[in-house]
Amino acid sequence: MTAAEPGTTPAADAGGGARSGTHRRELTYAVLLCVAGAGLALWASTRTWAVELTTRPTPLPPVRDARTGAGLLPWLPALALVGLAGGGAVLATRGRARRLLGGLLCVLGAAVAAGGGYGLVAAFEGEVARQWPALCLLGGVLATAGGLLTALRGRHWPAMGARYERRPAGDAAPAARGEGDRVTGRHTTEAWDALDRGEDPTVS
């Protein structure tokens with residue numbers, strides 16, 4: 001059983017560990033919401049949202065013109081791609097930069113959701129597939145939720161690789177002790193060699 005560090009109590013240690021675990025879970029949820037939402041919207045934007053039929057003189061059949069979400073709204077997949085990259089960038093940022101990134105992701109997600117909403121209510125000619133705009137709307141909502149969570153809570157979350165950025169002050173002590181042990185061992189060996197030669201190692 002190990003003793004607690006000076007100035008700390010088991011209750012304080014447990015509370016700090018619980019907060020750290022909560023922050024990591026929030027970070028995980030935010031990244032998953034952003035990445036999953038943006039990825040879903042990107043995929044849905046590549047599906048066929050409407051098929052327009054252009055009639056031709058008899059006996060020629062009508063021409064089918066399939067329009068994807070990206071074809072109808074060219075900016076939609078671009079915003080989804082930016083949101084996808086921003087979701088990964090949440091891991092590498094911290095503090096104010098992370099909160100600003102969260103606000104940007106929130107705006108991007110809202111724009112993607114608006115594109116999906118447009119696909120649901122727009123009056124396209126010909127056959128219309130409303131499930132793909134609905135999925136795009138859902139993806140935008142998920143990405144917006146992830147960005148909002150990042151903007152509100154991101155300042156408390158750890159950054160990727162943070163434990164490697166700063167070396168604790170106590171790490172220098174073992175190295176100094178190891179160096180001192182090597183020096184002491186070398187002097188001891190030299191003293192024994194001097195005794196073997198019949199010399200007095202205490203006489204300089």
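Which residues does E26 touch, not counting residues up to four places away in sequence? Before getting there, a word on the model: it is predicted, so local features need pLDDT of at least 70 and side-chain atom pairs count only at pLDDT 80 or more, while totals for chains, interfaces and linings use all residues. Numbering runs from 1 along each chain as its sequence is written, and side-chain values use heavy atoms, with hydrogens and water left out.

Let's start with the fold. The protein chain has 6 helices and 3 strands, and along the sequence they come in the pattern α-β-β-α-α-α-β-α-α. Helices here are DSSP runs of H or I with at least four residues, strands are runs of E with at least two, and both are numbered from the N terminus.

Now back to E26, which sits in helix α1 (residues 10-45). Its contacts (heavy atoms within 4.5 Å) are L149, R153 and W157. E26 counts as buried because its relative accessibility is 16%; buried means under 20% relative accessible area, exposed over 50%, and partly exposed in between, using a 1.4 Å probe and protein chains only. Across the chain, buried residues make up 26% of the 204 residues. As for contacts with a separation of 6 or more, 70% come from residues 24 or more positions apart.

Over in helix α3 (residues 75-89) you'll find L81, which counts as partly exposed because its relative accessibility is 47%.
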